[in-house]
Amino acid sequence: MIERALVVGAGIAGIQAALDIANSGYEVILVEREPSIGGHMAQLSETFPTLDCSQCILTPRTVETGKHENIRLYTYSEIDSIQQDENGDFTVRIRRKPAYVDWDICTGCGVCQEKCPFKVESLFERGVGTRKVIYTLSPQAVPNKPVIDAENCRYLQSKWDIEAGRVPAVDAKGNPAKPKCGACEKFCPTGAIQWDQTDTFFEEKVGAVILATGYDLFPQSRLPEYGGGKIPDVIDGLAFERLLAASGPTAGKILRPSDGKPPLEVVFVQCSGSRDPERGVPYCSKICCMYTAKQAILYKHRLPQGQAYVFYIDVRAGGKGYEEFVNRAMEEDGVIYLRGKVSKLFREGDKVIVKGVDTLSNRTVEIAADLVVLATAVIPRATNPQVAALFGVPCDENGFYCAANEELDPVLSIAPRVFMAGTALGPKDIPETVAQASGAAAKVLSLFQKQRHAQSQAQGVLEAVGD
Amino acid sequence: MAIPYFPGCTLSTKASGYDRSGRAVAQALGLEFQELPDWQCCGATFPLSTDNAMTLIAPTRLLRQAQEAGGQMTTLCAICFHVLRRTQNFLQEHTDVLERINWFTEEPYLGQVRVTHFLELLRDQLTWETLRANVSQPLKGLRVAPYYGCLLLRPPAEIQLDDPDDPHILHECLEALGCEVITFPYQSECCGSYLAVSKPTVPQQLAQDILASAQHHGAQALVTACPLCQYNLDYPQQSVRGWAIKPLPVLYFTQLMAVALGLPEQVWGMEGHSVDPRPLFEPYRATVA
């Protein structure tokens, strides 16, 4: 067995698993689809229930991962194919997407991002912020190397238009047509921009795999009663995290997307899509009660004159210090909790009208809110079925990976030497994710260790026979 | 084309204007409504108890009348449509219940009738283009807000007429007539329904919200396909003391069609309204040659 592990996904689960294995002296191949590592945790402002700065507790681990001698990092990359030989070892083909930047030459100075004249909506900022067309996910990105978003890049698009003959090959003056812009290339001090990059493929051999591919949020477009994503001041929990984050688009000021004003009435809607077998997902997303309480507390800390309301079905705060945390939101920070569902959201003037019910007073409630935050359900990545098929792991009816035994072998898959961790298996919070990641790493390490032990014993026998 | 037509109780009494305008526009468009013989009440609500076949006898009998009349039927009343279509769906799935009802009525219903709402007929069989081509008095500049209510659209899996969160069918009809169509957030809210009988203050409050929102969005009239919605939104405007909303006519879509198709005022059926809509149509009156 090759004593090297593949970890797919470099969110907090993948990072933790990779570090645990690497720190035990074994090599790790860590593959991440995004340009840099950290996953969703890098998007969060603070974590519950301690209100630690998420970026601050994550960065030491991303940095350690980035420079660890035993970790080979493939970011902006995906698993292309995988083959298992008769010994059970895997040959993995990794496809790195073209960044159009030579990362070996790039120093990460950031001049290109300053000079790039085009801004587009940022997926990392969940639609409440923008980024340049050449970008890193955040200033703390590991690796701190930019990529060019080809779809929105003027240079690449005009270059390809010329090459494909979609525009005349010569301009009005008879000069050959040239691609437009190219600002990043002009200003790059090391000449790292590489317009001709294509997919590059790498092959790695590993003896074990950990899948830590993470989660997504239920799309607002599937909640038509809540505006279907068309009301600018109705955002999801991750978008509100970006508004709260000091490194976010508003530098931590809570300003609503439509007009940039501080919202004085904010309504949080829990179970947006969760626990809704008819129209959403049947399961509880587990983290929303806690992060909503956290967001309401942080909102009250930043805007004490504002009012926060939380609509909930019931508060599920199982965890160390969790119940106390929710009570703190209600009692110390004056967040108004209303037990009931919101039936409808719509825009009237510059307000978002929230129509709901308070089942404790048995009355309908109408709130004219400035901002509505939907705690949308945790759902599996859309790519889960493909990744699962690639590695021979089954998915459950909701699309999360299935463990070999959900109770006693929660990180083991039915595929030999394939382990799993984190939210790819189902909704869970950061501590639980990290615990699972360490668990999966321990499973891999025990495989490797068992082989070494057997080898050293065999060596002992041979030596004894030799004597 | 002759189409078996079930008017229902309300259209024979309080909403006779809906019936009159509906029959007239159907005729003008070459669709001959043939009233079902010997009809009775549809039951007025779709029963939610599933173990009692008794409550389904009335709508089943109507389906049988339609079976005899050629296998399809159309309605104007959104509630009749709702009850009949859901009964039809239910009986197709629960043949045992159908069998029990047939034993009782001794008039076997075979379970194959197609129930349509007149709007659906216009959209799917006549098409909006044909309707537009027949408009002689386009209602240009008339700002109307379609009001769908609940029963025409819900539950969507069974009714399958339109998306209840983003409905279009009335919009498209009114656009074909030349109106300026206004979308407002209360377009598929409940009007309070039968609470008008037991707790009239509830629909009155809902009506004020609905009308105020439509007015706020610039509507000169509300347009509906349901006689109960029409009643709940129109009647209190005249009868309730302390009503805080400016008068807003509430019309049936067939009434606007009658005007736009240039039909005579006798078939508009607008006399019985609490808020008289007729002044709105002065500019669109067909000139008698």
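What share of the contacts in chain B with a separation of 6 or more comes from residues 24 or more positions apart? In this predicted model, such residues account for 79% of those contacts in chain B, and the corresponding value for chain A is 67%.

Chain A contains 10 helices and 24 strands. Its radius of gyration is 25 Å, which lies close to the 23 Å that the globule rule gives for 467 residues, and chain A is therefore as compact as a globular protein of that length. Along the principal axes, the C-alpha trace of chain A spans about 85 × 75 × 35 Å, and 45% of the 467 residues in this chain are buried.

Chain B, for its part, contains 14 helices and 8 strands. The radius of gyration of chain B is 19 Å, close to the 19 Å that the globule rule gives for 289 residues, so that chain B, too, is as compact as a globular protein of its length. The C-alpha atoms of chain B fill a box of roughly 55 × 45 × 30 Å when this is taken along the principal axes, and 48% of its 289 residues count as buried.

Strands of a sheet pair through backbone hydrogen bonds, either parallel or antiparallel. One open sheet of chain A is formed by 5 strands with parallel pairing, in the order β15-β22-β16-β17-β18.

Another open sheet of chain A consists of 3 strands in the order β6-β7-β12, and here the pairing is antiparallel. The edge positions belong to β6 (77-84) and β12 (200-206) of chain A, each of which has a single partner strand, so one side of each is left without a neighbour in the sheet. The neighbouring strands of this sheet are turned by 20° against each other on average, direction ignored. Strand β7 (residues 90-96) of chain A is joined to β12(A) by 7 bridges, the two strands running antiparallel, and Phe90(A) stands opposite Val206(A) in β12(A).

In chain B, helix α3 (residues 57-69) takes part in two helix contacts that can be described together. The axes of α3(B) and helix α5 (residues 95-105) of chain B come within 11 Å and cross at roughly 80°, which means that α3(B) is roughly perpendicular to α5(B). In this contact, Ile57(B), Thr60(B) and Arg61(B) of α3(B) meet Ile101(B), Phe104(B) and Thr105(B) of α5(B), and the residues involved comprise 3 nonpolar, 2 polar and 1 charged. Helix α3(B) also packs with helix α4 (residues 78-93) of chain B at an angle of about 90°, the axes being 10 Å apart, and α3(B) is therefore roughly perpendicular to α4(B). Here Pro59(B), Thr60(B), Leu62(B) and Leu63(B) in α3(B) meet Val83(B), Leu84(B), Thr87(B), Gln88(B) and Leu91(B) in α4(B), and the residues of this contact divide into 6 nonpolar, 3 polar and no charged.

Helix α9 (residues 169-176) of chain B is mostly covered, with 6 of its 8 residues buried. The buried residues of α9(B) are Ile169(B), Leu170(B), His171(B), Cys173(B), Leu174(B) and Ala176(B). They pack against several elements of chain B, namely the helices α6 (118-126), α7 (128-134) and α14 (253-260) and the strands β5 (143-146), β6 (180-181) and β7 (221-224). Just after α9(B), Gly178(B) takes a positive phi of about 95°.

Technical notes:
Residues numbered from 1 in each chain as written. Chains lettered and ligands numbered in written order. Predicted model: local features only at pLDDT ≥ 70, side-chain atom pairs only at ≥ 80, totals over all residues. Axes fitted to C-alpha atoms, helices over the stretch in contact; angles between N-to-C directions. Helix = DSSP H or I, 4+ residues; strand = E, 2+ residues; numbered from the N terminus. Parallel < 35°, antiparallel > 145°, perpendicular 65-115°, else oblique. Contact = placed C-beta atoms within 7 Å. Nonpolar A, V, L, I, M, F, W, Y, C, P; charged D, E, K, R; others polar. Rg over C-alpha atoms; globule rule 2.2 N^0.38 Å. Buried ≥ 20, exposed ≤ 12 C-beta atoms within 10 Å, placed from the backbone. Pairing = 2+ DSSP bridges.
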